[in-house]
Amino acid sequence: MPALTILRYPDPRLHKVAQPVAAVDDRLRELIDRMLETMYEAQGIGLAATQVDVHQRLIVIDVSEERNEPLVLVNPEIVWASPDKRLGEEGCLSVPGIYDGVERSLAVKVRALDREGREQTIEAEGILAVCIQHEMDHLQGKVFVEYLSMFKRGRIKTKMAKLQREDERYAQQG
Ligand code: NI
């Protein structure tokens, strides 16, 4: 199966708000598998369905060193977030090559369904907590660069446009 295409900022489709998943069935599991494959291929630690132009509340994550601990969150809800926050550097598969600081809760508790439709509650801290918050933002149509100043965002848009032109040139050359 070919990997899915990841939308790039500032594609307006990244700002759509995802709808709840109606049923955890084989069709959804096929999408989950393709999203995991796409995330691993792109060497990311998380991918929200929004980023592959599917506007449903679905996230895949793997923050393990060995890249063998996939976490699937269907209809995730953050039920608790620590008031303690920390500024940490983030990147995003939809904004390649850009890394900048975002303030996030140190720990979160999230409730979601897994790939079998079973309810799970995850208590996360560190990189996993950051990743969950970043991916949950995608489901709300929010990309991390929107936390940055307008000046920085403008520069990022210019860089993304340049990258797009380079990619198109590369594609033409075959
Ligand atoms: Ni992202």
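Modeller: In this predicted model, the side chains of Asp 11 and Arg 13 meet in a salt bridge, at 2.8 Å from N to O.

Colleague: Is Asp 11 buried or exposed?

Modeller: Buried means under 20% relative accessible area. Asp 11 has a relative accessibility of 16%, so Asp 11 counts as buried.

Colleague: Which parts does the salt bridge between Glu 77 and Arg 57 tie together?

Modeller: The closest N and O atoms of Glu 77 and Arg 57 are 4.0 Å apart. Because Glu 77 and Arg 57 are 20 residues apart in sequence, the pair ties together strand β3 and the loop between β1 and β2.

Colleague: Asp 114 forms a salt bridge with Arg 118; is Arg 118 buried or exposed?

Modeller: The closest N and O atoms of this pair are 2.9 Å apart. Asp 114 counts as buried, at 13% relative accessibility. Arg 118 has a relative accessible area of 52%, and the cut-off for the exposed class is over 50%. Arg 118 is therefore exposed.

Colleague: What is the order of the strands in the open sheet?

Modeller: The sheet has five strands with antiparallel pairing. Its edge strands, each pairing on one side only, are β1 and β7. Strand β6 is joined to β7 by seven bridges. The order is β1-β2-β3-β6-β7.

Colleague: At about what angle to β2 does helix α1 run?

Modeller: Helix α1, residues 26-41, lies across β1, β2 and β3. Its angle to β2 is about 40°.

Notes. Residues are numbered from 1 along each chain as its sequence is written. This is a predicted model: local features need pLDDT of at least 70, side-chain atom pairs count only at pLDDT 80 or more; totals for chains, interfaces and linings use all residues. Side-chain values use heavy atoms; hydrogens and water are left out. Two strands pair if DSSP finds at least two bridges between them. Helices (H or I, at least four residues) and strands (E, at least two) are DSSP runs, numbered from the N terminus. Contact means heavy atoms within 4.5 Å. Axes are lines fitted to C-alpha atoms, for helices over the stretch in contact, and angles run from 0 to 180 degrees between N-to-C directions. Buried means under 20% relative accessible area, exposed over 50%, partly exposed in between (1.4 Å probe, protein chains only).
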